[in-house]
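Trainee: I have just opened this entry and would like to learn how to read it. Could you walk me through it feature by feature?

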Amino acid sequence: MKQITIILSIMISLLALTQVDAQSNKDRDQFEVQVDGLGCPFCAYGLEKKFKEFKGIKDIAIDIETGDFSFTYPAAKELTMEAVVAQVVKAGYTPNDAKITRASGTVETNKEAEKETVNEVTTSKIYVNGMCGMCKARIEKATTAVDGVATAIWNVDTKILTVSYDQNQTSEKNIESAAAGVGHDTNGTRATDTSYDNLHPCCKYERAN
């Protein structure tokens, strides 16, 4: 009988802890940020250390290859998007897309307002050399920043950038130049040696002669 009582007490305690943990999760906001420039464990450590200045941060996860960074924070402290983006910059990295899922269910992003609808959209496939998830983030960021570009998606395996753009505002040449400007060779435009040398070691692909 005594053993049964002990077992029941343990089960009740575990159930109570589970309920407390569940309630705790409901009181926390979820943050997700795509960070450019993370290339090694030391980089990830530096970012995590900087964010631990936010007292109460938990559930930190960092994917070095893709730059995906996530964490939770007490909803009552109302941590803003601006503060999160600024903290990434203070850590020495570049924040790209960021999203906050509030405990209330509200979702916030830092994306720019949707680009104006273009009248004459052309889709092209452009070969852009690169190696990894960091390259993908860099190439897509540079090419989508070109005026007239609606979307740009780079495939790590095929090295093909699929880009949709308004041909009245830009051209394949301009898009290739944007990729080359951040260190990535295309079939039509070669990056400067300086921009290539500035790539992170894991991003340095084999260049054609």
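Trainee: Which residue stands opposite Lys-99 in β5?

Mentor: Let's begin with the general idea. Strands of a sheet pair through backbone hydrogen bonds, either parallel or antiparallel. Here, Lys-99 stands opposite Thr-109 in β5. Strands are DSSP runs of E with at least two residues, helices are runs of H or I with at least four, and both are numbered from the N terminus. Two strands pair if DSSP finds at least two bridges between them. Strand β4 (residues 94-101) is joined to β5 by 3 bridges, and the two run antiparallel.

Trainee: What should I know about the model before going further?

Mentor: This is a predicted model, in which local features need pLDDT of at least 70 and side-chain atom pairs count only at pLDDT 80 or more, while totals for chains, interfaces and linings use all residues. Residues are numbered from 1 along each chain as its sequence is written, and side-chain values use heavy atoms, with hydrogens and water left out.

Trainee: How many helices and strands does the protein chain have?

Mentor: There are 6 helices and 8 strands in the protein chain. Read from the N terminus, the elements follow the order α-β-α-β-β-α-β-β-β-α-β-β-α-α.

Trainee: In what order do the 5 strands of the open sheet lie?

Mentor: The order is β2-β3-β1-β4-β5, with antiparallel pairing. At the edges stand β2 (58-63) and β5 (107-109), each with a single partner strand, so one side of each has no neighbour in the sheet. On average, neighbouring strands here are turned by 15° against each other, direction ignored. For such angles, axes are lines fitted to C-alpha atoms, for helices over the stretch in contact, and the angles run from 0 to 180 degrees between N-to-C directions.

Trainee: Which strands does helix α2 lie across?

Mentor: Helix α2 (residues 41-51) lies across β1 (28-36), β2 and β3 (68-74), and runs at about 155° to β2. Contact means heavy atoms within 4.5 Å.

Trainee: Now the other sheet: what is the order of its 3 strands?

Mentor: This open sheet has the order β6-β8-β7, again with antiparallel pairing. Its edge strands are β6 and β7, each pairing on one side only. The twist from one strand to the next averages 15°. Helix α4 (residues 133-144) packs on this sheet and touches β7 and β8, its direction making about 165° with that of β7.

Trainee: How many bridges join β6 to β8, and how many join β7 to β8?

Mentor: Strand β6 (residues 121-127) is joined to β8 by 7 bridges, and Val-121 stands opposite Asp-166 in β8. Strand β7 (residues 149-154) has 5 bridges to β8, where Ser-164 is the bridge partner of Thr-151. In the β7 and β8 hairpin, with 5 residues between the strands, Lys-159 takes a positive phi near 65°.

Trainee: Why is β8 largely enclosed by the rest of the structure?

Mentor: Buried means under 20% relative accessible area, exposed over 50%, and partly exposed in between (1.4 Å probe, protein chains only). Strand β8 (residues 160-166) is largely enclosed because 5 of its 7 residues are buried. In the protein chain, buried residues make up 37% of the 209 residues.

Trainee: Which residues touch the most other members of the largest nonpolar core?

Mentor: A nonpolar core is a set of buried Ala, Val, Leu, Ile, Met, Phe, Trp, Tyr and Cys residues joined through side-chain atoms within 4.5 Å. Of the 20 residues in the largest one, Val-128, Val-149, Leu-161, Val-163 and Ile-175 touch the most other members. Two or more residues each come from α4, β7, β8 and α5 (172-181). Apart from this core lies another, of 19 residues, among them Cys-43, Phe-71, Val-88 and Ile-100.

Trainee: What do the buried residues of α5 pack against?

Mentor: They pack against β6, α4, β7, β8 and α6 (193-197). The buried residues of α5 are Ile-175, Glu-176, Ala-178, Ala-179 and Ala-180.
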